[in-house]
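Please open the model in your viewer and keep the selection tool at hand. The stops below are given in the order in which to select them.

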Amino acid sequence: MNYLTLEKVTKTYGDKVLFKDINLHINRGDKVALVAQNGTGKTTLLRLIAGEEKGEGEHCKVLMHRDIRVGYLRQEPDFPDDWTVMETIFESENPLIKAIRVYEEALLYPKDEKNMQAALTRMEDLKAWDFEAKIKEILFKLNITELNKEVGTLSGGQRKRLALAKLLIDEPEFLILDEPTNHLDLDMIEWLEEYLRQASLTLFMVTHDRYFLERVCTFIVELDRETLHKYNGNYSDFLEKKATRFENEALEVEKARKLMKRELEWIRRMPKARGTKAKSRVDAFDKIKEKASARIQKQEIQIDIKGARLGSKILEVNYITKQYGNKVLIKDFFYKFKKNERVGIVGKNGVGKTTFLKLLTKEIRPDSGTVTIGGTVQFGHYTQDGIQVATDKRVIDVITDIAEYIPLEKGQKLTASQLLERFLFDKKHQQVLVSQLSGGERRRLYLLTVLMQNPNFLILDEPTNDLDILTLNVLENFLMDFPGCVLIVSHDRFFMDKLVDHLFIFEGDGIIRDYNGNYTEYRANKKLEDRTQEKAPKEKKAKTKSEEEKRRLTYMERKEFDRLEKELEKLEARKTELTEKFNDSNLSSEEIQKFSIELGQIKQEIDEKEMRWLELSELA
């Protein structure tokens, strides 16, 4: 079944063409990712598909199947600030969700028995218990626990998780997702990955998470030079097929250039009197010229900023502790950083990762312990908050406020304008106000402001958010060659695997474990440990359960067990009585024979009944 059809769709903003005459078809079960450079129209295309923007062009068609429900996850969700989390999640026309909302509200006032009974009856009538369990799983996995909190008090990351939870709970047939992994910790991302792989779900999303693209997607579409290219397969397939496309285009362009040369010679020789007869060939020449002038390779960001010299003493963390109220974030942590270290930091949201970075840079002080920074250390701190400049400032002014010239390797210098060009801000773009930049372009500009301050110890807090894959690739290559220390907090597993030597694992309750290896190695080991830990209790539980099943007696066995106890008491009493009779010297031979036979029978009967009693006692 076809869910979405785009035909001959064009979108422009002023003189800027984002895409022109693009076509796209998405069928049920397709999982499609959109890849493009920042500022080229990714979010605009999502908004257009979601019905929030209009396409342009005489033959433009945007057709969505009328019988399906569409859910759209925006980069920056917008909810009423005075709504509670519960009101936001359960705001829906779905009768199941309405029933669960009434039930959850009733739980807050358990003394109102009438209201509670009505809620329970409604849940039973709609058979909503399984769906309620699914909702609780989604909320638990996304760490949404404070349902009475007002949305206005939430951070940007909490709002994004709330929007994602609401979308998944609403269960639309077609999901449009703009950077769904932003603000999720690594456990959440891996859970979401598995959730979205369900065959019944249809997706169209923008994400820079390359492992996500690899494991979830069945198609990747690339918006390149105003055109949409579709690739069947996941991220690996995309890379292979894109390389092949570039090779083919290079051949085509080379052919076009040779043809253009011949046509140019003809145009120059052509008699003016025959111009009208050769109009079609002149028109063809214009098309050949356009093709021959095509640029095959995109611009690439160049980062070759010189780093300051780093001395032998770098950064020492001496048994620091930090807590807020009763919550311990860091406890007695000790570490001495070495030259050229590449350290990754992982842990759930809220365990203290950002606080730890602020302690290292002395933005905040520890409750106990000390942080000693070497004399030559110059931090470059890329924070989650992003660029903090006036939005009415021009891009070029942001850079010149830091420096007019930037030192490069080998004694060279670069002007602020030239540096911006290397970061894909051309001269026209340099005059644009910061407020007019896309989210990814702002991140790219912020990254430049951090790097150009000549740091030798980079601290990067979620640097991959909103950056396109091209920028990520170049940033990764720069960091691999960076002549200093790098400390990274990131939910981008590909980024971490490519760069870090070891990890600081924030396990909660102030515990930080130093793990020698990258993220994928850590997760593989952790899963193995978890399985081992789960297996032992399960085996013990299975054994205990088995024993419990054996101990269970039927009603008749219980009666038999009680009867045997009474019979054995009587038999033991008779055995004692007979034994004592043998002490009587006046017994006749007939009596001795009679009592001996009876005693033998009693002993045999006692043995048999004791065996049966023992069997039943094990079950009891």
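**Stop one: a buried serine**

Select Ser 490, which is placed in the loop between strand S18 (485-489) and helix H17 (493-499); helices (H or I, at least four residues) and strands (E, at least two) are DSSP runs, numbered from the N terminus. This is a predicted model, in which local features need pLDDT of at least 70 and side-chain atom pairs count only at pLDDT 80 or more, while totals for chains, interfaces and linings use all residues. Residues are numbered from 1 along each chain as its sequence is written, and side-chain values use heavy atoms, with hydrogens and water left out.

Ser 490 has 2% relative accessibility and so counts as buried (under 20% relative accessible area; exposed is over 50%, partly exposed in between; 1.4 Å probe, protein chains only). Its side chain reaches the backbone nitrogen of Asp 492 at 2.9 Å. Now show the contacts of Ser 490 (heavy atoms within 4.5 Å): leaving out residues up to four places away in sequence, they include Glu 462, Phe 495 and Met 496.

**Stop two: the cores**

Select Ile 89, Leu 142, Leu 168 and Leu 196, which touch the most other members of the largest nonpolar core, a set of 54 residues. Such a core consists of buried Ala, Val, Leu, Ile, Met, Phe, Trp, Tyr and Cys residues joined through side-chain atoms within 4.5 Å. Helix H6 (residues 156-170) gives the largest share of this core, 7 residues. Apart from it lies another core, of 43 residues, with Val 395, Ile 406, Leu 437 and Met 496 among them.

**Stop three: helix H11**

Next take helix H11 (residues 353-360): 6 of its 8 residues are buried, so the helix is largely enclosed by the rest of the structure. The buried ones are Lys 353, Thr 355, Phe 356, Leu 357, Leu 359 and Leu 360. After H11 comes Lys 362, with a positive phi near 65°.

**Stop four: rings**

Rings of Phe, Tyr and Trp (its six-membered ring) pair if their centres lie within 6.5 Å; planes under 30 degrees apart count as stacked, over 60 as edge-to-face and the rest as tilted. This rule gives 20 aromatic pairs. Trp 191 and Tyr 195 have ring centres 5.4 Å apart and planes at 40°, so this pair is tilted. Both residues lie in helix H7 (residues 186-196), 4 residues apart, about one turn of the helix, and both Trp 191 and Tyr 195 are buried.

Finish with Phe 333, Tyr 335, Phe 337, Phe 356, Phe 379, Phe 457, Phe 504 and Phe 506, which ring pairs link into a cluster.

Methods. A polar contact is a pair of N or O atoms within 3.5 Å; within protein, one must be able to donate a hydrogen and the other to accept it, and residues adjacent in sequence count only if both atoms are side-chain atoms.
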